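Colleague: I have a new model to read. Please take me through the terms.

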Amino acid sequence: NESDAFVSINNALANNGAFVYAPKSAVLDKPLQIVFATNNVDTDLFLQTRTLVVVEENAQVKITERHQNFDGKEVFTNAVTEINAGDNSIVDFYKIQNDNRSCSLVDNTWVRQGKNTNCTVDTFSFGGKFIRNNLTFFIEGEHSESNMNGITLIGKNQLVDHHTSVDHLAANCQSNELYKGIYDDNSKGIFNGKVMVRPDSQKTNAFQSNNNLLLTDEASIDTKP
């Protein structure tokens, strides 16, 4: 998506990341964990990480991704993730966002689904100074299901921003979104959800819910489902 400045920066500067390839009919017995870690650095960092996940027909994978700084430096991570799910595949992707309060994260994730697929992206946002999650699903094959779940638990001077988009390009599909948040002190949350149902995407089911709990008068949430 060249219209997004952060994605363009990642395209230009990314020099490390992860590539996960699940061949036809492969099944991972245990979850795979990807950790982008920084430690003992001499200066603040602006990181460009890239993750590409290719899951072929009938394959099944579970992946956990985490960005972690261990020395308290100011770290700004600009991450891009692409997930391609082949026909009849199952993909579970878990994002653990629990970094130091000195760190910020902008995360752009795209998921493309073939027919008869089941893809889930769960986002757990607990740590970090600023987090922006842009999650986009393209449902390109019939009889597929997309699941987006998020839990946000933050406090003083923290902000978590969720933007989701689901594009129903095929008929007989379903998308489910459930995001919940608990906000303390002067923390701030944002949820912006968009669902597109194309003219030929008959028999589409799309569910979306955003529930929040504010623990103080200074905490706030802007939600636009």
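**Core and sheet**

Modeller: The largest nonpolar core has 25 residues, and V53, V55, I63, V91 and F137 have the most contacts inside it. This is a predicted model, where local features need pLDDT of at least 70 and side-chain atom pairs count only at pLDDT 80 or more, while totals for chains, interfaces and linings use all residues. Residues are numbered from 1 along each chain as its sequence is written, and side-chain values use heavy atoms, without hydrogens and water.

Colleague: Why is this called a nonpolar core?

Modeller: Because such a core is a set of buried Ala, Val, Leu, Ile, Met, Phe, Trp, Tyr and Cys residues joined through side-chain atoms within 4.5 Å. Buried means under 20% relative accessible area, with a 1.4 Å probe and protein chains only.

Colleague: Which element gives the largest share of this core?

Modeller: β9, with 3 residues. Strands are DSSP runs of E, at least two residues, numbered from the N terminus.

Colleague: What does I63 touch?

Modeller: Its list, not counting residues up to four places away in sequence, is V20, L32, I34, V53, D92, F93 and Y94. Contact means heavy atoms within 4.5 Å.

Colleague: What makes β6 and β8 a pair?

Modeller: Two strands pair if DSSP finds at least two bridges between them. β6 (residues 90-97) and β8 (residues 118-125) have 8 bridges, in the parallel sense. So they pair. F93 stands opposite V121 in β8.

Colleague: Why do β2 and β14 stand at the edges?

Modeller: The open sheet of 7 strands runs β2-β4-β6-β8-β10-β12-β14, with parallel pairing. β2 (32-38) and β14 (205-214) each have a single partner strand, so one side of each is left without a neighbour in the sheet.

Technical notes. Helices (H or I, at least four residues) and strands (E, at least two) are DSSP runs, numbered from the N terminus. Buried means under 20% relative accessible area, exposed over 50%, partly exposed in between (1.4 Å probe, protein chains only).
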